[in-house]
Amino acid sequence: MDEAAPTAGSSQIFADNLKGFILAVASSAFIGASFIIKKKGLKRAGASGSRAVIVGEIANFIAYIFAPAVLVTPLGALSIIVSAVLAHFILNERLQRMGVLGCVLCIVGSTVIVLHSPQEKTPSSVEQIWDLATQPAFLLYTASAVAVSLVLMLHCAPRFGQTNIMVYLGICSAIGSLTVMSIKAIGIAIKLTLDGINQAGYFQTWVFAMLAISCIVVQLNYLNKALDTFNTAVVSPVYYAMFTILTILASAIMFKDWSGQSASNIASEICGLVTVISGTTVLHSTRDPDPPSSDLYTPLSSQIFWHVQGNGELGKFKNDDLLSGEFVAVVRQDYFI
């Protein structure tokens, strides 16, 4: 009997990790597919893309209930692979050799993380989660994350936000790690409530809910600022790397994901994480920049056009047109591809 109990517990933990893994992969598939659906530019396709994102985020939310963040968070890189592969076949956007290498690195790194993922024990009440959240180590992490974010918001953002990508993404990543911890706490409370152990009566449940909402608002606000200011191909891998590292660190401190694991397993997970981040960076480096939105510009030809005004006349010339030396002109580049 003594040996059977640990075996049953290990089997349950493995089953929960498997559920989390499947949900995380499904989330990445939906989110990655949504990018392609939206890019089709059709109204009906755009609506389908939004629904796919919502389904993906819900699956990702549920995945955190069953599996540790060190397993779920890195699997978000799979959405990039799904997007790249579908773009290759549906949008005829050629996946270059370095892009294929990036996909392979993401898959290899994710496999290493899955094989060495920790066995996390789910708390039996929201009070236990509160005890984990109020332990000195995690309070120190929370205080540090909030302090750094405030410095970046109040001091660095007005001065360097438009020129240094790390300002906005630093805020998103630090606050985002706290978002995941709050969402995980809420998810566990919901799961326990559905199992018949009502957690709605505990004030801690509502505190976690308020924290999650506040963190999500701040995180999305500064993520949108980063996307509006910098190239998406640069923002995505940098944000993914910072967010993943800080989220895994926060989860390791709060939920003790690495407690009881051997040094070799921890080292393997770190190597897998580095491999995934490297693959994400390589894959994004091969992406072509998105063309201008059709809402703002009309379709452009492959030629360079110039609007030329001189001597009181207005003319339109192609790049191979020659102007006479007597024509005094002010040349303004209108657009080109």
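Which residue's side chain does a polar contact of 2.8 Å join to that of S177? The partner is Y141, and we will come back to this pair below. First, a word about what you are looking at: this is a predicted model, so a look at its confidence comes before the details.

**Confidence along the chain**

The chain has a mean pLDDT of 75, with 66% of its residues at 70 or more. Among its elements, helix α7 (residues 136-160) has the highest confidence, at a mean of 95, while strand β3 (residues 330-335) has the lowest, at 44. Where pLDDT is low, the predicted coordinates should not be read in detail.

**Overall layout**

The chain contains 11 helices and 3 strands. Of the 337 residues, 39% count as buried. If you take contacts between residues at least 6 apart in sequence, 76% of them join residues at least 24 apart. The exposed surface comes to about 18,700 Å², and carbon and sulfur atoms supply 65% of that area.

S173 counts as buried because its relative accessibility is 0%. A polar atom of the S173 side chain lies 2.8 Å from the backbone oxygen of L169. Leaving out neighbours within four places in sequence, S173 is in contact with Y239, M242, F243 and L246.

Is S177 buried or exposed? S177 is buried, because its relative accessibility is 0%. Here we meet the opening pair again: the side chains of S177 and Y141 are joined by a polar contact of 2.8 Å. Beyond residues up to four places away in sequence, S177 touches Y141, F243, L246, T247 and A250.

Next comes T244, a residue of helix α10 (residues 232-254). T244 and S177 are 67 residues apart in sequence, yet their C-alpha atoms are 8.1 Å apart in space. With 0% relative accessibility, T244 is buried. Its contacts, not counting residues up to four places away in sequence, are with T73, P74 and L273.

F208 belongs to helix α9 (residues 203-229). The relative accessible area of F208 is 5%, so this residue counts as buried. Its C-alpha atom is 7.6 Å from that of I183, a residue 25 places away along the chain. Setting aside residues up to four places away in sequence, F208 touches V126, I129, W130, A133, S182, A185 and I186.

Here are the accessibility values of several residues discussed in this report:

| Residue | Relative accessibility | Class |
|---|---|---|
| S173 | 0% | buried |
| S177 | 0% | buried |
| T244 | 0% | buried |
| F208 | 5% | buried |
| C103 | 7% | buried |
| K191 | 24% | partly exposed |
| D195 | 54% | exposed |

**A salt bridge**

How many salt bridges does a search of the whole structure find? The search finds 1. K191 forms a salt bridge with D195, and the closest N and O atoms are 3.7 Å apart. K191 counts as partly exposed because its relative accessibility is 24%, whereas D195, at 54%, is exposed.

A search of the whole structure finds 0 disulfides. C103 is in no disulfide, and its nearest cysteine sulfur, in C106, is 6.6 Å away.

Terms used: Residues numbered from 1 in each chain as written. Predicted model: local features only at pLDDT ≥ 70, side-chain atom pairs only at ≥ 80, totals over all residues. Heavy atoms only, no water. Disulfide = S-S within 2.5 Å. Buried < 20%, exposed > 50% of the residue type's maximum accessible area, 1.4 Å probe, protein only. pLDDT = per-residue confidence, 0-100. Helix = DSSP H or I, 4+ residues; strand = E, 2+ residues; numbered from the N terminus. Polar contact = N/O pair within 3.5 Å; in protein donor to acceptor, adjacent residues only side chain to side chain. Contact = heavy atoms within 4.5 Å. Salt bridge = Lys/Arg side-chain N within 4 Å of Asp/Glu carboxyl O. Areas by Shrake-Rupley, 256 points an atom, 1.4 Å probe, with all protein chains shown as cover.
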